[in-house]
Amino acid sequence: GVEPFAKVSTPGMAQHPTDKNRVYIATYGTGAGGVSVTPDAGKTWQQLLMVEDNDYLRFLRIAPSDPNRIYVRSLRFGADGNFVYSVFRSSDAGQQWERQPDIAVHPNESDILLLGVSPKNPDLLIAMGETTNPTAIPERLLVSRDGGKTFADALMTTVITTIDWSP
């Protein structure tokens with residue numbers, strides 16, 4: 001219910017790692033899909049990325065080692081009616097965005113989740129291919145070492161819930 005986002009979905013949010021008043025949100029709604037930022041803890045907002053109504057943005061992540069590097073996962077309908085997943089990347093705090101190539105999805109996967117960015121390498125992303133029944137159908141842990149351009153399978157296992165980074 002916070003204006004100007006009272007009537008849109010906000011499925012992603014990330015706080016700047018050093019400027020606590022700077023918060024980025026991903027929004028979804030007719031004519032309102034995109035990424036916005038507040039530099040002053042929500043008093044004012046600026047839209048940084050606008051997407052078409054069939055583009056659902058979620059899983060907004062900021063690289064801890066380079067806060068100008070921002071990622072957000074995109075989900076849209078492909079020409080064949082199937083979901084198509086990709087990552088938008090910004091290297092200049094959201095002023096310009098580049099959609100990365102589509103992420104390959106396995107037939108049993110219901111979603112691609114962008115789990116995190118390495119605290120030391122802004123190009124290292126971890127994602128997962130979520131399945132509808134992870135105890136019966138393994139989920140995929142995916143790694144991108146090139147800022148979301150490509151993802152490689154790193155592990156198949158049951159029930160991936162979160163990631164963490166060790167020194």
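## The salt bridge of arginine 22

In this predicted model, arginine 22 and aspartate 19 form a salt bridge whose closest N and O atoms are 3.9 Å apart. The cut-off for such a pair is a side-chain nitrogen of Lys or Arg within 4 Å of a carboxyl oxygen of Asp or Glu, so the separation of 3.9 Å between arginine 22 and aspartate 19 meets it.

Each partner can also be described by its accessibility. Arginine 22 has a relative accessible area of 24% and is partly exposed. Aspartate 19, with a relative accessible area of 29%, is likewise partly exposed.

Aspartate 111 counts as buried, at 10% relative accessibility, whereas arginine 58 counts as partly exposed, at 29%.

Aspartate 111 also meets the side chain of arginine 73 in a salt bridge, with an N to O distance of 2.6 Å. Because arginine 73 lies in strand 6 (residues 70-77) and aspartate 111 in strand 9, this pair ties together parts that are 38 residues apart in sequence. Arginine 73 is buried, its relative accessible area being 1%. Through shared partners, the salt bridges join Arg58, Arg73 and Asp111 into one network.

## Overall architecture

The chain contains 12 strands and zero helices. The C-alpha trace spans about 45 × 40 × 25 Å along its principal axes.

Of the contacts in the chain with a separation of 6 or more, 35% are accounted for by residues 24 or more positions apart.

## Burial, surface and charge

Of the 167 residues in the chain, 45% are buried. Aspartate 111 and arginine 73, described above, both count as buried. The accessible surface of the chain amounts to about 8,700 Å², and carbon and sulfur atoms contribute 50% of that area.

The chain carries 15 positive and 19 negative charges. The mean positions of these two groups of charges are 5 Å apart.

## Glutamine 96 in a loop

Glutamine 96 is situated in the loop that runs between strand 7 (83-90) and strand 8 (98-99). At 58% relative accessibility, this residue counts as exposed, because the cut-off for that class is over 50%.

When residues up to four places away in sequence are not counted, glutamine 96 touches Arg89, Ser90 and Ser91. A further relation involves leucine 49: the C-alpha atoms of glutamine 96 and leucine 49 are separated by 7.9 Å, and the two residues are 47 residues apart along the chain.

Technical notes
Residues numbered from 1 in each chain as written. Predicted model: local features only at pLDDT ≥ 70, side-chain atom pairs only at ≥ 80, totals over all residues. Heavy atoms only, no water. Buried < 20%, exposed > 50% of the residue type's maximum accessible area, 1.4 Å probe, protein only. Helix = DSSP H or I, 4+ residues; strand = E, 2+ residues; numbered from the N terminus. Contact = heavy atoms within 4.5 Å. Areas by Shrake-Rupley, 256 points an atom, 1.4 Å probe, with all protein chains shown as cover. Lys, Arg positive; Asp, Glu negative; His and termini not counted. Charge placed at Lys NZ, Arg CZ, Asp CG, Glu CD.
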